[in-house]
Amino acid sequence: MPAVMDGATLEGLLRMLLQPASEQVAQAEATLRKAFSKPMFICDLFEQIQLSPTAEVRQLAAVLTRRRVIAHWPKLDEQTQQQLQATLLDRLGNEPEHAVRRSLSSVASVIGRHALPKGKWPELFAFLSQCAQSAAEVHRELAMVLLASLLESDAVVEACLRPHFAQVRAVIQQALSDTGSASLAVPRAALKAVSAWAQAALDDEDMLQLGPLIPPVLQAGVAAATAGEEDMLVLALGIFTDLLEAGSPVVDDQIPAVLNFALEASTAASLETESRTCALNLVAVMLATRRKLLCKQKLVGHVAAALFKACTMTA
């Protein structure tokens, strides 16, 4: 692959972009501006992703690739595309720095959204499946990050994922129960995948595929509350809120457990006001959409007592 800019020069410019001095940044940007207009410059950035010994340079190269790859990818020949895809999967599997991996996953998602609906890059799904079964937590988290991003693409869902929702569900269900690590990184990423799937569900049949995920989503939410991981807790609360607002029946069998989860979060003094507000919003949506079910299961008194307690709490 012919280079638009030699590696040493490009690495020096990327290092300049990382400097606080505005003059150096302006100089580097001016030099790079012409290179950015050439599709093959993506290959030069990939070389930095692959070979630079500096994590900050690798991440910046990935971020710049993410910004340019949408416009330039269709202009690259198929052989170059395949070489870059292979390089990207290799780096995703071997990159030691979390921030760089996240930036690389964004590049993979963009390329995947372009290639997968056309029947290309099947290696991405093979890589995702391998990561989901890996002994390394960072790889299991990566699988969920990639899956969540792909579920956000209507084209990928229609062409590739909807026929295999049962397999997708099994992979996510396993990740939601992956609560052995103190970081909870895997179930946190899995909750984002469930949230994306809930948004992608078009009809009742799609929604029903989410039913078996309700207990592990609840389990992950409880684990988040126990660990004080409030961003993860809010994710779980948001999933239940979205499903109820969409009129999905998949939560109905778990209404008492979900209600208790929301009420406990709404009255937990250790939580931030924003988290308790999300919990109260879920309770409000439940009262609006499942009033008869709550009355039938004699849960209204429990709700009233918890809401009274919540009203007496100070922010």
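Does glutamate 95 count as buried or exposed, and at what relative accessibility? At 3% relative accessibility, glutamate 95 counts as buried, where buried means under 20% relative accessible area, exposed over 50% and partly exposed in between, with a 1.4 Å probe and protein chains only. The structure is a predicted model, in which local features need pLDDT of at least 70 and side-chain atom pairs count only at pLDDT 80 or more, while totals for chains, interfaces and linings use all residues. Residues are numbered from 1 along each chain as its sequence is written, and side-chain values use heavy atoms, with hydrogens and water left out.

Glutamate 95 forms a salt bridge with arginine 58, their closest N and O atoms being 2.8 Å apart; the term requires a side-chain nitrogen of Lys or Arg within 4 Å of a carboxyl oxygen of Asp or Glu. Because arginine 58 lies in helix α4 and glutamate 95 in the loop between α5 (78-94) and α6, the pair ties together parts that are 37 residues apart in sequence. Arginine 58, at 8% relative accessibility, also counts as buried, and a network of salt bridges links Arg58, Arg91 and Glu95.

Helix α4 (residues 55-72) bends by about 35 degrees at arginine 66, the bend being the angle between axes fitted to the seven residues ending there and the seven starting there. Its buried residues include Val57, Leu60 and Leu64, and what covers the buried residues of α4 includes α1 (7-17), α2 (22-36), α3 (41-51) and α6 (98-115). Helices here are DSSP runs of H or I, at least four residues, numbered from the N terminus.

Terms used:
Helices (H or I, at least four residues) and strands (E, at least two) are DSSP runs, numbered from the N terminus. Contact means heavy atoms within 4.5 Å.
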